[in-house]
Each structure stands twice: as structure tokens, then as C-alpha cells.
Amino acid sequence: MSTIVTLPDQSTATLPRVSYLNKEYGLKSWLLTGDHKRIAMLYLISITFFFFIGGAMAGLIRMELLTPVSDLLAADTYNKVFSAHGIIMVFFFLVPSVPATVGNFCIPIMVGAKDLAFPKINLLSWYLYIAAGILMICCLAFGGVDTGWTFTTPLSTHYLNTHVITAGLAVFIAGFSSIFTGLNFIVTIHRMRAPGMTWFRLPLFVWSHYAASILMVLGTPVLAITLVLIVLERLIGIGVFDPAKGGDPLLFQHLFWFYSHPAVYIMILPGMGVISEVISTFSRKRVFGYTAVAFSSVAIAVFGFFVWAHHMFIMGISNYSALVFSLLTMLVAVPSAIKVFNWSATLYKGSITFETPMLYAFGFLGLFTIGGLTGVFLGTLGMDIHLTETYFIVAHFHFVMVGGMLMAYLAGVHFWWPKMTGRMYPEGVSKLAAVITFVGFILTFFPQFILGYLGMPRRYAAYPPEFQVLNVFSSAGASVLGVGYLLPLLYLTWSLKYGKIAGPNPWQATGLEWQIQSPPLTENFAETPIVTHEAYDYEWLESTKGSEVPTVG
Amino acid sequence: MDSQTLAAQTAETPHGHEGEHPPFLRHHFESVPQQREAATFGMWLFLLTEIMFFGGLFCAYLIYRNWYYPAFVAGSHTLHIWAGTTNTTVLIISSFTMAMGVHAAETRMRKSLVTWCILTIILGCAFLGIKAYEWHDEWVEQHVPGLNFSPESFLHGSEAYPDDKLPLDMAEKTQVYYSLYFAMTGMHALHMIIGVSLLTLLVIRAYGGAYTTGHVNPVENFGLYWHFVDIVWIFLFPLLYLISRHQ
């Protein structure tokens, strides 16, 4: 079995005459589109916008922490800045990042459908996202909010006079955008699969989105009602969370984390799907243990609903429930580990090539593993009491969310960029960006593990002078990281016009999306495909070479 | 007559090919059954999110009722059971009229669909009217937490329930009961308002004959939504009004 694949010569590739990009012109054809690929592009643009706003906030935070005293930002401004960073990055970048862009673009094609089941609801979800985004920007413009992204009561309901209601409504609306995306995915995956596309022929990308969608659909409404109660409590003073009236702030924590813990799996699972695709493609091997990886996504989704109280170990929950939640937390590490081991086994004896998406995927593997393992530290009761509310936590979730998810997002955007736009990005500079991101990331967040272990608390603008060296490392790393993120913005935009033409399958990948023209037609397939091969079947791909290039123009 | 309109509709189809391509079949579906199944499945999933939405409130109710049992009993005693019962009846009848509306759409009877839907709208508005009356009454009684709450009425017992004499701290806890009462009935009423608005749009389109040529999906799915909102009330009514009637 030969596994080494020569990539097609791109100098002979041509752009198809008709594609979803040039089927119609004009702003209206974009703003009123039902095409999942166009909506994905709209999402890509708006998410990038919010990513850089959130990133600017992160830059301010790191600049402030360059010195031990609170000098660049006053303490209360600092609170607003890190709250804005958290809210924007979690609800406006990480939650919709891969699903709403790459997922929206690829899932219908991967299952062999012409579109998502509900195109109008898909568009509605983008408009809700934009409405929420505008509210959030208004909130920042009017003076911001300083609750942190967790809206902790009674701080958010009683002690602050910042714009909690505006921010709360923004997150509420963004939540519905996410619900609609998830709902659309589940229905599409169930009902729109092409003939022959059985559940176990689906790419793992689809499986992981299915699992994430379950979490979106079941978890987000709980956040919605919690935010409604917060808003009502601020607006008219009902007392569900107010101790003075008999309410209990701990109930808020339970309800909030019932969503917000599964939310971290909403954020990471689609990224895991990207990694499965990328690693398989660039090792030219079927993902090792396909079924195990598929079911581990579902297992993460299920376990993810029963670990929320590990965010509350120091909040006065009963010792027995802390014990149970600690054990369950360790249990959720198992399916994540299954994935990492299976990806490693996929690499074993594969014909590995180091294209840019693969570099990001390697970054993901290392950083996500560190992030995941430190999560097990934090799930241990004794360790948690020492480490919680320190920079150890900050480092942990940034390793998972930035080192993991953001790497996966960039891997995904690079991997499917030729499919989305029909053009390649410059290979050399993109590899450089991947390496810069990795180095900058380690430099930024590794010192924070040490800082946290030494006891530096999170959420403060000032810190004791002995922590300065490590903080300077971290801030220096953040500037490197900033360069790492600006580069893709620049060269990807450049490639829209000047990039080399990609051709239908520049990576020789096996997914259905690579068997059609790039960029695809508005209805994806000239005729409904009939699937006769398993996922990641490179021999099938080899056998179709030269005989079948379905393009219509 | 109905089959004639159907034939006329089919003949007018812009998709000339194959002939069996009803105008309501969206371009990305292979067949009408696929479209129908997808829409129904999507609706049930949406209702699942609604269950989780109300679930948070029911969870809070469960916890606080255990904590502040006497306050919840006394709070429950102040509600007008006749209003709640009337509203329950109104809603159940409205579910019946909605179900008849769906039936009318399925059997392609345009006028009867419009009539049943209008009846449902009227019943929905009646429900909201009675609910508004109740809220007004609670406002007058100074039972609205945060705005005009006074524990006074729980300190000395009422005429109907002379035993409802709570100590001051427990009387204060009735605020939690009313917070949940207003949040739950408020969220339910919001769903009713959304329902009535959607149904109004539906009636306008049904009048034009949009749903009586085989395209039953929107009516059917709206029916599911309406029944769901009804069922939420079926849980709210005993939990808020009935559960402590004889204590």
C-alpha cells in the first residue's frame, strides 16, 4: 500500500467560471443570502473583527502587567478591560469560531447536502450574532462592564453600576445565535446525509460538531434563563439570587456553570474535529480508531454536563458533592486522552508532511495536552484549593482555549482556505506564522503557570514586585503572539487576490468537500453524490484519480 | 374544489421539470418528506431548548420550596385559584382549537383553518388578559419583590387562611416565592405573546391559502409550540396555585 501522495501541480489549476462567490454580486446578495458558504464568510469576517478587539484588550492587560504597580490602567479600568476580553473572546470568538465559520462552510458539503437544513435560521443566527456584537460594542462605548465574563452575583446585581444589563443582553442574544447554529447542524447531520453516507462514514469533523451542537442546544438555554434572572434582578429587584431576600448566589453559580462548563467543550470539540481532518490528511492515513474518536466526542459531550461544580470547589458546596464532581472531572479526561492517543497513533508510520495546517495541528497536540493535564491538577480537590483564582487557572484555560482551540481554528482556516476562496496562501510566511504563534504562546502562558503556582492571584492590576520578571516574559510573549496573529490576517487577505490558484484538491484529502470544485458551486454538488467509500480512504482517492473531476461551469 | 386549487398550484410551478415539484419544496431538500421530517425534527429540538430554559426556573423552584416551605405555602395561598383554573381551562381549549387548526390544514380546509386559528388567538389573548388582571392584583396587594413588596400581609394571617402567621424573617422569604412566580409566569406570558404574534402572521398567510395545498409544516410546528407553552402552564398551575391549597 503506497501512502506517499504527490500533491497536484497547482500551476495548471484554474478557477472555475461559476462559484458561490461570483454567482451573484452586490451587498444585498450577501446580506440576504441563504447559502451556508456565504454565511460562513460573513461569520468569518465578523468573528475576525471581534477576535482583534478581544486581542487588543489582551494587549492592554499584558501592557498593564508589565510593571508591578497599576500605572497604565487604573484598577477599575483594568477590571473592565479583562471583563471585555473575557466576554468577547468567549461568546463572540471561541463559541462561534470553528462551528460558525468552517463548520458552516463544510458540514453540508461533508454530509453531501446542498445546504444546511434551515438556511434562513442560519442567516438569522448571523444577524443575532451581529445584534449581540453591536450591543456589546455599545456596552464598551458607554463605559464597559466589570463583572468578569462570569457575571458573578451579588457583584453583578448589587455592587456595580456598570453596564451589566447591556452586556447580559448581548450574551443572551449571542446565545440564541449559538443555539440556532447547533440546531441546524443536528438536523442537517440527521436528515440531510447523501445516499450511502452512513453515520460511520461521516468525517470526524462532523461527529465532533454533532457533539458540540448537543451541548449548544441543551446548555445555552440555561445560560439564557440565568441571564434573564440577572437582568430582572438588576432591573426590578426580584430576589432569586439575592441573599437579602432569601435567594442564594450559589444557585447562580450552579446555573451559570451548568452552561459554562459544557461551553468549554462547545469551544474545544469543533477544534478537535479540525485536528482529526488535518492529521489524517497530512499523514495520509485513516484516523486510528475512528469509532473511538467519534464516540469520545459524544462521551465528552455527555460527561461535560456532569462536572460543572468543579468551578465551585471553594464556594462552599458540600464536601461530598465536591468529591463526586472531582471524580467526574477526572473521568472527562479519559475521552480527551483517547483522542490525543489516537491522533498520535495516526501519525505513527504515516507519510507526514509539514504543511501549515499540520504545523498548527502539532501545536494543538502539545499545547492541548499540557492544558488538559493541568486541568486534571485543578480537578483534584487539594490542589484546586491552592491553585484556584491564581494565574495557574489563567494559564490552564489559555492553554486549552488559545493553545488548543485557536491553534485548531487557524489550522482549520488554513486547511480549508483553498476550498473557501479557491486560492492558496503563501506557504513560507504561513509556516513562519505558525511557528511564531507557537513560540509566542509558550512564552506568554508558560510563565503564568509558575506565577500561579507561586501564588499570584488573577484579576488584579497590581502585583508584588518579585513576580515582575515572569510577567515581563509573559508580556513579551504576548507581543510575539500578536505578530503571530496579525500575519495570517495580512497574508490571507493578500492571497484573496494574489494567491496561487488552488484547484479542487490541493491537499489530496478524502472528504467530499475536496472532490468538488474550489470555490464550490452555490448548491455544492452538480448532482447529489452517492457515497461508496469510508471516511479517510486514501486508496479510494487514489483509484479515482484522473477519472473523475466533477466540475460544472 | 380543494383538489382543483391544488392542481392549479402544481401547474403554475416555475420548476417546469418533472412536474412533481411542489412550490413549497425548498431547493436544498431532495423531497417533500425530507423537508417535512427536517422541519419537525428541528421544532422538537427547539422545544428541547425551551425545556432547558424553563428547567432552570423549575430547578430554582424545587430548591427554594424545600428551603422556605412555609413562605411558599403562604405565598401560594394569596393567588386567585379561580383565575388560575379559568386560565388553565382557557389554555386547554386553545390547545384543542389549535389541534383542530392543524387538522384543518391537513385536510386542506382553508376557511376552517383560519377560523380555528383566530379562535386560538382569542383564547390566547383571554389568557393574557386574565394573567394581567392577576398581576395587577398582586401589585395592589404589594406582593411584587423589588418594586413594592411588603411582608405585612403575611404576619397576621388572611381571612381564608388565618394560620398563615409567619415570623418576620420567613415573611420576607415570600419574596423568593414571588420572584419565581413573576419570573415563571412572566416568561410563560412572553412565550404566549410571541405565540399570539406568530399565529397572527400565520392566519394572514393561511387566509391567502398558503397552508392548505399540502404545505402543513408551519402550521404543524406552530401547533407543537403552542402545545408546549400550554404544557408549561400545566406544570406551573399546580406548582404555583394548587400544591399548598389544603395546608
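This is a predicted model: local features need pLDDT of at least 70, side-chain atom pairs count only at pLDDT 80 or more; totals for chains, interfaces and linings use all residues.
A residue is counted as buried when 20 or more other C-beta atoms lie within 10 Å of its own. By that criterion, 57% of the 553 residues of chain A are buried.

Chain A contains 17 helices and zero strands. Its radius of gyration is 23 Å, close to the 24 Å that the globule rule gives for 553 residues, so chain A is as compact as a globular protein of that length. Among the contacts of chain A between residues at least 6 apart in sequence, 86% join residues at least 24 apart.

Chain B has seven helices and zero strands, and from the N terminus its elements follow the order α-α-α-α-α-α-α. The radius of gyration of chain B is 23 Å, well over the 18 Å that the globule rule gives for 247 residues, so chain B is more spread out than a compact globule. Of the contacts in chain B that link residues at least 6 apart in sequence, 74% join residues at least 24 apart.

| Chain | Span of C-alpha atoms along principal axes | Buried residues |
|---|---|---|
| Chain A | about 75 × 45 × 45 Å | 57% of 553 residues |
| Chain B | roughly 80 × 30 × 30 Å | 39% of 247 residues |

**Where the chains meet**

In the model, 33 residues of chain A are in contact with 32 residues of chain B. On the side of chain A that touches chain B, the helices α7 (164-191), α8 (204-235) and α9 (249-283) of chain A each supply at least two residues. Helix α8(A) gives the most to this side, with nine residues. By class, the side of chain A that touches chain B has 22 nonpolar, seven polar and four charged residues.

**A helix pair in chain A**

Helix α2 (residues 36-64) and helix α4 (residues 97-111) of chain A pack at an angle of about 160°, and their axes are 8 Å apart. Angles over 145 degrees count as roughly antiparallel, and α2(A) and α4(A) are therefore roughly antiparallel to each other. The crossing of α2(A) past α4(A) is left-handed. Among the residues that make the contact are A:Tyr43, A:Leu44 and A:Ile47 of α2(A), together with A:Asn104, A:Phe105 and A:Pro108 of α4(A). The contact of α2(A) with α4(A) comprises eight nonpolar, four polar and one charged residues.

**Two individual residues**

A:Ala113 is located in the loop between α4 and α5 (119-142) of chain A. A:Ala113 is buried, because 28 other C-beta atoms lie within 10 Å. Leaving aside residues up to four places away in sequence, A:Ala113 touches A:Pro108, A:Thr188, A:Met192, A:Ala194 and B:His28. A:Pro108 also belongs to the contact between α2(A) and α4(A). A:Ala113 and A:Ile214 are 101 residues apart along the chain, and their C-alpha atoms are separated by 20 Å.

In chain B, B:His191 lies in helix α6 (residues 168-207). B:His191 is partly exposed, with 19 other C-beta atoms within 10 Å. B:His191 and B:Thr115 are 76 residues apart in sequence, and 22 Å separates them in space, C-alpha to C-alpha.

Conventions. Residues are numbered from 1 along each chain as its sequence is written. Chains are lettered from A and ligands numbered from 1 in the order in which they are written. Axes are lines fitted to C-alpha atoms, for helices over the stretch in contact, and angles run from 0 to 180 degrees between N-to-C directions. Helices (H or I, at least four residues) and strands (E, at least two) are DSSP runs, numbered from the N terminus. Angles under 35 degrees count as roughly parallel, over 145 as roughly antiparallel, 65 to 115 as roughly perpendicular and the rest as oblique. A crossing is left-handed if the near helix is turned anticlockwise from the far one by less than a right angle, and right-handed if clockwise. Two residues are in contact if their C-beta atoms, placed from the backbone, lie within 7 Å. Ala, Val, Leu, Ile, Met, Phe, Trp, Tyr, Cys and Pro count as nonpolar, Asp, Glu, Lys and Arg as charged, and the others, Gly among them, as polar. The radius of gyration is taken over C-alpha atoms; the globule rule is 2.2 Å times the number of residues to the power 0.38. A residue is buried if 20 or more other C-beta atoms lie within 10 Å of its own, exposed if 12 or fewer, and partly exposed in between; C-beta atoms are placed from the backbone.
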